[in-house]
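User: Hey, I'm new to this one. Can you walk me through it?

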Amino acid sequence: MELNRRTVIAGAAAAGVAATTLGGTAHATGGRKPVKELFGKLADGTKVYRWSLENGGTRLKVLSWGGVVQSLEIPDRHGRYANVSLGFDNIEDYVAKTPYFGALIGRYGNRIAKGQFTLDGKKYQLSVNDGDNSLHGGTQGFDKRVWDVEPFTKGSDVGLYLYYTSVDGEMGYPGTLKVKVTYTLTKHGDWRIDYEATTDKATVVNLTSHVYWNLGGEGTGTIEDHELKIAASRYTPTDSGLIPTGELAKVAGTPFDFRKAKAIGRDIRTGHTQLVTAKGFDHNWVLDKGITAKPEHVASLRDPSSGRTLKIATNEPGLQFYSGNFLDGTLVGPSDRTYRQGDALCLETQHFPDAPNHPSFPSTVLRPGQTYRTTTVHSFHA
Ligand code: GLA
């Protein structure tokens with residue numbers, strides 16, 4: 001039977017019992033205040049804190065370093081919890097070797113070719129950290145910065161405000177960018193991310209979140225049996241450096257067709273040149289709905305064995321699906337298991353990679369006086 005967690009919690013509340021096995025002290029009527037603890041220290045002595053939040057049956061742990069989701073626990077169809085996001089149990093590993101586990105990504109998610117772009121006639125050179133290209137904001141992107149974190153409870157929601165100011169010229173980007181990200185856990189256990197930013201000079205912005213999902217639980221093996229559905233008829237093929245060629249190619253008749261749910265592993269070994277180049281899926285899907293005023297449902301991920309299902313809604317026009325191709329067995333997670341290729345996947349809502357060099361792609365330019373605003377909602381079911 002398909003069990004909906006909302007029903008279970010409502011049932012527990014109706015029976016007059018706290019939903020302890022489902023969400024600790026969380027109730028359908030509201031979560032508890034976020035709790036702060038010391039997670040570790042950076043080499044220069046800066047303290048990194050971990051915030052624990054719980055609501056509607058979802059448990060979230062967030063670091064002040066990179067806004068990292070260090071753990072995200074949800075129940076399976078029997079109410080058994082697992083941490084479904086890859087990470088580490090200590091700050092040293094994050095600093096030394098994280099491949100963006102759970103992090104907030106900025107100032108620009110994904111790649112900008114040669115780390116260069118021209119805006120209003122002026123050429124900018126960004127920090128280059130991926131071959132010739134700039135990836136995820138450069139060597140010291142938002143994922144490696146300490147954010148100011150403030151907890152909140154609002155009605156039945158609990159959450160965190162995360163603030164970071166990226167100064168003019170940081171990583172080569174023009175303009176001081178003031179960023180506010182809101183992580184909300186709703187009474188239904190949804191994890192919502194609201195991104196906001198303003199600038200004092202024209203710049204480019206593309207913020208996203210880099211959670212590595214394994215709905216069976218981190219460290220439990222491959223995600224090739226997870227079923228994925230993406231509401232996109234086209235994707236952006238890439239060159240050998242994973243930079244979009246500019247073409248919007250049809251997914252029909254290719255391994256990139258996820259319009260109907262299919263197992264990730266089904267077509268991953270077909271030898272399609274795009275999959276060979278990227279060592280798997282590492283592409284931007286052009287969402288059929290385009291940019292929308294409100295978040296709309298665009299993707300579903302389901303683990304048939306646990307029944308855990310993730311649904312993603314966004315107002316962004318693109319979704320990067322990365323099948324964990326660069327995980328190579330050298331990283332060890334909090335449950336002491338190594339992470340191998342395909343042990344997790346990322347679903348990064350975004351504007352398209354390298355948009356500053358493709359006038360035909362939706363624009364990522366932000367100007368003084370404008371406010372950048374995007375929202376992505378993750379909902380969980382079992
Ligand atoms: C994104 C990129 C990938 C890879 C990962 C991090 O998903 O598209 O190519 O860089 O981040 O390893």
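Predicted model: local features only at pLDDT ≥ 70, side-chain atom pairs only at ≥ 80, totals over all residues.

User: OK, new topic. How many aromatic pairs does a search of the whole structure find?

Analyst: The search turns up 27. One of them is Phe101 with Tyr212, an edge-to-face pair at 4.8 Å centre to centre and 90° between the planes.

User: Where do Phe101 and Tyr212 lie?

Analyst: Phe101 is in the loop between helix H3 (91–97) and S6, and Tyr212 is in the loop between strand S16 (208–210) and strand S17 (227–230), so the pair ties together parts 111 residues apart in sequence.

User: Are those two buried or exposed?

Analyst: Both Phe101 and Tyr212 are buried. They also belong to a cluster linked by ring pairs, with Trp65 and Phe88 among the other members.

User: Switching to the largest nonpolar core: which residues touch the most other members?

Analyst: Trp191, Trp213, Trp285 and Phe321, out of 57 residues in that core. Strand S13 (residues 177–185) gives the most to this core, five residues. Apart from it there's another core of 22 residues, including Leu42 and Ile105.

User: Last one: where is Asn110 found?

Analyst: In the loop between strand S6 (103–105) and strand S7 (111–112). Asn110 is buried, at 3% relative accessible area, and its side chain makes a polar contact of 3.5 Å with that of Arg111.

Technical notes. Residues numbered from 1 in each chain as written. Heavy atoms only, no water. Helix = DSSP H or I, 4+ residues; strand = E, 2+ residues; numbered from the N terminus. Buried < 20%, exposed > 50% of the residue type's maximum accessible area, 1.4 Å probe, protein only. Polar contact = N/O pair within 3.5 Å; in protein donor to acceptor, adjacent residues only side chain to side chain. Core = buried A, V, L, I, M, F, W, Y, C linked by side-chain atoms within 4.5 Å. Phe/Tyr/Trp six-rings, centres within 6.5 Å; stacked < 30°, edge-to-face > 60°.
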